[in-house]
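Open your viewer and get ready to select residues.

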Amino acid sequence: MNSNATEITHRLVPSAAGRVHLVEQGTGPLVLLVHGFPESWYSWRHQLPVLAAAGYRAVAIDVRGYGRSSRPAATEAYRMLDLVEDNVAVVRALGEESAVVVGHDWGANIAADSALVRPDVFRAVGLLSVPYTPRGGPRPTDIFAGMGGDEEFYVSYFQEPGRAEAEIEPDVRGWLAGFYAALSAGTMPAPGAPDPHFVGKGGTLRDRFPKGGLPGWLSERDLDVYAGEFERTGLTGALNRYRTMDRDWEDLAGFDGAPISLPSLFVGGGLDASTTWLADAIEAYPVTLPGLVSSHLLDGCGHWIQQERPDDVNRILVDWLAAL
């Protein structure tokens, strides 16, 4: 086992927005881990020691707007190209020339665009839960506005500054518990129940969260960690990622339809709406991810894949990294 595998270090490194908070463990080739919404570096707590023990320098960041990383006030400061440059800044601040980047949820999009825009820095890309879909088609907010009929898709619900915050921030802990449960195997609503990805007329997302205990992967202590961060920071920085999607669409016009040719990995949950709704994107991987090394769908797994099924994800990640 790597002698440094048990040592976890918190660091702040400079970025264009001010700072990025990261947690690192181990020595060896750099593997950068990027979380999604509404999470933090802590989402990779099961991966850090395993990757370190396997001989890698595992680094999990707080994405801009989260945790101890900078939270710029301007909505446009959360555009994808800025987040890509934050990842580059981390690699450079750690004294490295290149890294493998792995992301979950929004982090998968950030990882994919990091590989697409800066292949000089990122030599391979791993995507968890959210498949790669090349830039293209109509403006994103127009697509989401057309979903759901009389109901409102959650991405559209998140667009207006302050609206989702007014639902979440009076009871961050309770909202997070419900949101995590709604997308987890074992606690998600049964087929045919009202979909928690949509908001009924005059309602809130919370109306459709399951009533009951926490999902099996989430302890009370884990929930305390997540809730404590968002109670301190608020949700605006995290939600601003959704509010810059049209700006990203404009910024990345030069990459319309572009494949990612770097060595890649995809792991999804069989019960995750991200993989069922985007099944066509997965089928398109021979064209969109021509460097795909392996692709996995974990039966009976929901959205929070590296926390719901850490042993499976760790094995897949280590095998993929070794094959690189």
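Buried means under 20% relative accessible area, exposed over 50%, and partly exposed in between (1.4 Å probe, protein chains only). A helix is a DSSP run (H or I, at least four residues), numbered from the N terminus. The model is predicted: local features need pLDDT of at least 70, side-chain atom pairs count only at pLDDT 80 or more, and totals for chains, interfaces and linings use all residues. Residues are numbered from 1 along each chain as its sequence is written, and side-chain values use heavy atoms, without hydrogens and water.

**Stop 1: helix 2.** Select residues 80-93. Which residues here are buried? They are M80, L83, V84, D86, N87, V88, A89, V90 and V91. Now step to G95, which follows helix 2. The phi of G95 is positive, near 75°.

**Stop 2: the largest pocket.** A pocket is an open set of points on a 1 Å grid over the protein atoms alone, with protein on both sides within 12 Å along at least five of seven lines; lining residues have an atom within 4 Å of a point. This one holds about 1200 Å³ of space. Select W106, N109, T133, F144 and M245, the closest to its centre of 43 lining residues. Then colour helix 3 (106-117). Helix 3 gives the most to this lining, with six residues.

**Stop 3: the second largest pocket.** Its volume is about 240 Å³. Select M188, D195, H197, L271 and A273. Of the 17 lining residues, these lie nearest the centre.

Key:
Helix = DSSP H or I, 4+ residues; strand = E, 2+ residues; numbered from the N terminus. Expected span 1.5 Å × (residues − 1). 1 Å grid on protein atoms, 1.4 Å probe; cavity = no way out; pocket = protein on both sides within 12 Å on 5 of 7 lines; lining within 4 Å. Points joined across faces, edges and corners; volume = space filled by probe spheres on them.
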